[in-house]
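Let's take a walk through a protein model together. Keep the sequence and the 3D view open as you read.

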Amino acid sequence: MAIFEGAGVAIVTPMKENGEVNYEKLGELLEYQIANSTDAIIICGTTGESSTLSHEEHLEVIRYAINKVAKRIPVIAGTGSNCTETAVYLSQEAEKMGADALLLVTPYYNKATQKGLIKHYTTIAESVKLPIILYNVPGRTGCNILPETAVTLAKNVENIVAIKEASGNIAQVAKLMSLADGCIDLYSGEDGQVVPALSLGGKGVISVLSNIAPKETHDMVKLYLEGKTKESCAIQLKAIPLVDALFCEVNPIPVKTALNLMGFEVGPLRGPLCEMEEANKQKLIAAMKDFGIALA
């Protein structure tokens, strides 16, 4: 059984002006997502600026989300690291807190081999009982999980059950699903490729777009899974200009800007990320208006 079907939001981590985590705002965002049909919360992922959270903050944000959501929908904790030992620690702590599943990004910077990836993921998975979603985003990590590697892990490690595919390479995704023959669940990690991933047998999306358009992203997946492919595709195509704007600078700069423009007051970014260039901000504003998103 899939961890979830539909649209899971890769939620931002709101900050106060002094750079501290704003838990009150995080609570508001979680309630907004649940009220607008989001199917799962992914906490402390890339969009949540996990790479600039201390270990203590990282775990406290996960704890807060789990307690606030209170089992209404699944909470999937991002606990990956480029250090296997650190990923084991974060994963075990998230399991103790009551997370429903884990999202494990590929090790970044040190560029593990495929053999190293198998050892890394197997070690983490064997340290916990929770279901695990592999997270393949080579554009950010410099490390690509090849289809053969993902299938080897899914077939040999019981709790490695899914993959978030954000390589942007739809041919690689197709090869993965061909080799997998149903042994691994697929979630799109690319908001511009949700329908293509669903057409290959995907279960849904782990989405940046869902931060600002949760109902539409949920509906895109729901309609497809109900067999209403034309209606689903219409939402996907309408969203493309907005998706482009959300990634015209590195994520999560544009999506945090968008949330602030909507009045959510999610605060600043942590360095080295910085405020959005004005020309790109205007492009984002135009795309939000065209999609029908109300600005504050």
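## Before we start

This is a predicted model, so local features need pLDDT of at least 70 and side-chain atom pairs count only at pLDDT 80 or more, while totals for chains, interfaces and linings use all residues. Residues are numbered from 1 along each chain as its sequence is written, and side-chain values use heavy atoms, with hydrogens and water left out.

## The active site pair

Which residues does UniProt list under "active site"? The unreviewed entry gives Tyr-135 and Lys-164. UniProt positions follow the numbering used here, feature names are shortened, and annotations may be inferred rather than shown by experiment. The two are spread over 30 residues of sequence, yet they cluster in space, with a largest C-alpha distance of 4.7 Å. From this set, Tyr-135 is part of the lining of the largest pocket. On a 1 Å grid over the protein atoms alone, a pocket is an open set of points with protein on both sides within 12 Å along at least five of seven lines, and lining residues have an atom within 4 Å of a point.

Tyr-135 sits in strand β5 (residues 132-136), and Lys-164 sits in strand β6 (residues 160-165). Helices (H or I, at least four residues) and strands (E, at least two) are DSSP runs, numbered from the N terminus. Buried or exposed? Tyr-135 counts as buried because its relative accessibility is 6%, and Lys-164 is buried with a relative accessible area of 6%. Here, buried means under 20% relative accessible area, exposed means over 50%, and partly exposed is in between (1.4 Å probe, protein chains only). Leaving aside neighbours within four places in sequence, Tyr-135 is in contact with several residues, including Leu-103, Tyr-121 and Lys-164. With that exclusion, the contacts of Lys-164 include Tyr-135, Tyr-187 and Ile-206. Contact means heavy atoms within 4.5 Å.

## The binding site pair

For "binding site", the unreviewed UniProt entry lists Thr-47 and Ile-206. They are spread over 160 residues of sequence but cluster in space, where the largest C-alpha distance is 10.6 Å.

Thr-47 is in the loop between β2 (40-43) and α2 (55-69), while Ile-206 belongs to strand β8 (residues 204-207). Thr-47 is buried, at 2% relative accessibility, and Ile-206 is buried with a relative accessible area of 2%. Not counting residues up to four places away in sequence, Thr-47 touches Val-12, Asn-211 and Asn-251, among others. Leaving aside neighbours within four places in sequence, the contacts of Ile-206 include Phe-4, Leu-103 and Lys-164.

## A buried lysine

Where is Lys-256? Look in helix α11 (residues 253-261). Lys-256 is buried because its relative accessible area is 1%. A polar contact of 2.6 Å joins its side chain to that of Glu-49. Such a contact is a pair of N or O atoms within 3.5 Å; within protein, one must be able to donate a hydrogen and the other to accept it, and residues adjacent in sequence count only if both atoms are side-chain atoms.

In soluble globular proteins, nonpolar side chains tend to be buried together. In this model, the largest nonpolar core has 79 residues, and those with the most contacts inside it include Ile-41, Leu-134 and Leu-284. Helix α2 gives this core its largest share, six residues. Another core, of 17 residues, lies apart from it and includes Phe-4 and Leu-103. A nonpolar core is a set of buried Ala, Val, Leu, Ile, Met, Phe, Trp, Tyr and Cys residues joined through side-chain atoms within 4.5 Å.

## Two helices to find

Helix α9 (residues 214-225) has twelve residues and reaches 17 Å from its first C-alpha to its last, close to the 16 Å expected at 1.5 Å a residue. That expected span is 1.5 Å times one less than the number of residues. Among the buried residues of α9 are Pro-214, His-218 and Tyr-224, and their cover includes β1 (6-10) and α10 (229-246). After α9 comes Gly-227, whose phi is positive, near 90°.

Now find Ile-170 in helix α7 (residues 170-180). Ile-170 is partly exposed, with a relative accessible area of 34%. Ile-170 and Met-262 are 92 residues apart in sequence and 32 Å apart in space, C-alpha to C-alpha.

Conventions
On a 1 Å grid over the protein atoms alone, a cavity is a set of points where a 1.4 Å probe fits but cannot get out, and a pocket is an open set with protein on both sides within 12 Å along at least five of seven lines; lining residues have an atom within 4 Å of a point.
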